[in-house]
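Hi,

Here is the structure I promised to pass on. Have a look at it first, and then read on for what turned up.

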Amino acid sequence: MTETLKTTPLHALHVELGAKMVPFAGYDMPVQYPTGVLTEHLHTREAAGLFDVSHMGQAFLKGPDHATVAAALEALVPGDIRDLVPGAMRYTLFLNDKGGIRDDFMATRMKEDGVLYLVVNAACKDADFAHLEANLPAGVTLERLETRGLIALQGPKAAEVLARFAPDTTTLGFMTCAEINVAGVPCLVSRSGYTGEDGFEISVPAAEIVSLVKKLFAEAEVKPIGLGARDSLRLEAGLCLYGHDIDEETTPVEAGLTWTIGKRRREEANFPGAKIILDQIANGVTRKRVGILPEGKAPAREGTEITDASGRKIGVVTSGGYGPTIGGPIAMGYVETPFAKVDTAIDLMVRGKGRPAKVAPMPFVTKRFHKPG
């Protein structure tokens, strides 16, 4: 039986632009355009790439006031939501009772009191929203934003381009969000992204998104970018992909995401899996997520076994491929903690043969997020 794939509001435009379409998280999505992944990746690092991320889940969490909605969300995540100021965003995690990661997502405090704007991963959105609704207290509701698309404009020229259509975006700092008209269209614009570059994610009414995207494509600096380059860009930036680098069997401490758990939340210890996670923070973990630089030209793909010099398995690659900015293969994965130190020699089992590699610091490229002032 053939799976019926959903489409985003930009689907016809992708086809018109000659995109190679593939199934992803239940959607028919562009993996690359005619110029190819390498060109798209480098263009994003040098100018501005536009990504369709309308498959992601968008919702408003609403209640009588900020304290109430923040408390409702904090019951399910380890992040400090209560102390967000209006317009501020936070990267946080839905956790299970064992401290495993159900999903990673963005939460933004809107200027309207008692409203949080959530953006969750496409493959997890139905489960995330069901989990939220099953655990919400009386008076707090979830409003799915089914009639909005989402695009990401990323790269060193992104701010310059967007300012032509929305001058107010120049004052947005990294990890802030505001309601701003873009070319006359009311949008939610956040200065954030998944590439390591400066850039924006723009939530647009679905009825307006094609005309807005065509205006952005008419700018010389902007090219369409598919899922292939999105993956290589985020890997170079050392950013996790849910279902690969993090999942329900992975804790924030193992994943190098301890920084997402604020001081107050650690003291209160009232989030799912808190006992396990706080014990790991205090006493360490048996494995850690690390960056990996393979020697030579052969990439180490997801699932590749990592061994020590004697051939004993010590871990596994969770993401790997060619890093176009680096000019060679890069990867990330989990290794036993004694092997997690930078420059530790390891072997990658490729086609039954151990290939030399070393543990490397992440990100592999310098992040260029915008810091105002």
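Predicted model: local features only at pLDDT ≥ 70, side-chain atom pairs only at ≥ 80, totals over all residues.

Thr344 sits in the loop between strand E17 (328–336) and strand E18 (345–350). Although it is in a loop, Thr344 counts as buried because its relative accessible area is 18%, and the cut-off for buried is under 20%.

Now the helix pair I'd look at. Helix H2 (residues 37–46) and helix H7 (residues 227–236) pack with their axes 8 Å apart, at an angle of about 50 degrees. The crossing of H2 over H7 is right-handed. On the H2 side, the residues that meet H7 are Val37, Glu40, His41, Thr44 and Arg45; on the H7 side they are Gly228, Ala229, Ser232, Leu233 and Glu236. Sorted by type, the residues of this contact come out as three nonpolar, four polar and three charged.

The buried ones include Arg230, Arg234 and Glu236, along with Leu227, Leu233 and Leu235. Besides H2, the buried residues of H7 pack against E1, E2, E3, strand E16 (313–323) and E17. After H7 comes Gly238, with a positive phi near 70 degrees.

On to the nonpolar packing. The largest nonpolar core holds 27 residues, and Ile151 and Val189 have the most contacts inside it. Several elements give two or more residues to this core: strand E3 (48–52), strand E9 (148–154), helix H5 (158–165), E10, E11, strand E12 (199–205) and helix H6 (206–217). H5 gives the most, with five residues.

Finally, some backbone points to check. Most residues other than glycine have a negative phi, and most peptide bonds are trans. Here are the exceptions I noted:

- Ala25 has a positive phi, near 50 degrees. It lies in the loop between strand E1 (20–24) and strand E2 (27–32), and at 32% relative accessibility it counts as partly exposed.
- Ala183 also has a positive phi near 50 degrees. Its place is the loop between strand E10 (177–182) and strand E11 (185–190), and its relative accessible area of 26% makes it partly exposed.
- The peptide bond from Met362 to Pro363 is cis, with omega near 0 degrees. Pro363 is in the segment after strand E19 (353–360).

Cheers

How values were computed
Residues numbered from 1 in each chain as written. Heavy atoms only, no water. Helix = DSSP H or I, 4+ residues; strand = E, 2+ residues; numbered from the N terminus. Buried < 20%, exposed > 50% of the residue type's maximum accessible area, 1.4 Å probe, protein only. Core = buried A, V, L, I, M, F, W, Y, C linked by side-chain atoms within 4.5 Å. Axes fitted to C-alpha atoms, helices over the stretch in contact; angles between N-to-C directions. Left-handed = near helix turned anticlockwise from the far one by under 90°. Contact = heavy atoms within 4.5 Å. Nonpolar A, V, L, I, M, F, W, Y, C, P; charged D, E, K, R; others polar.
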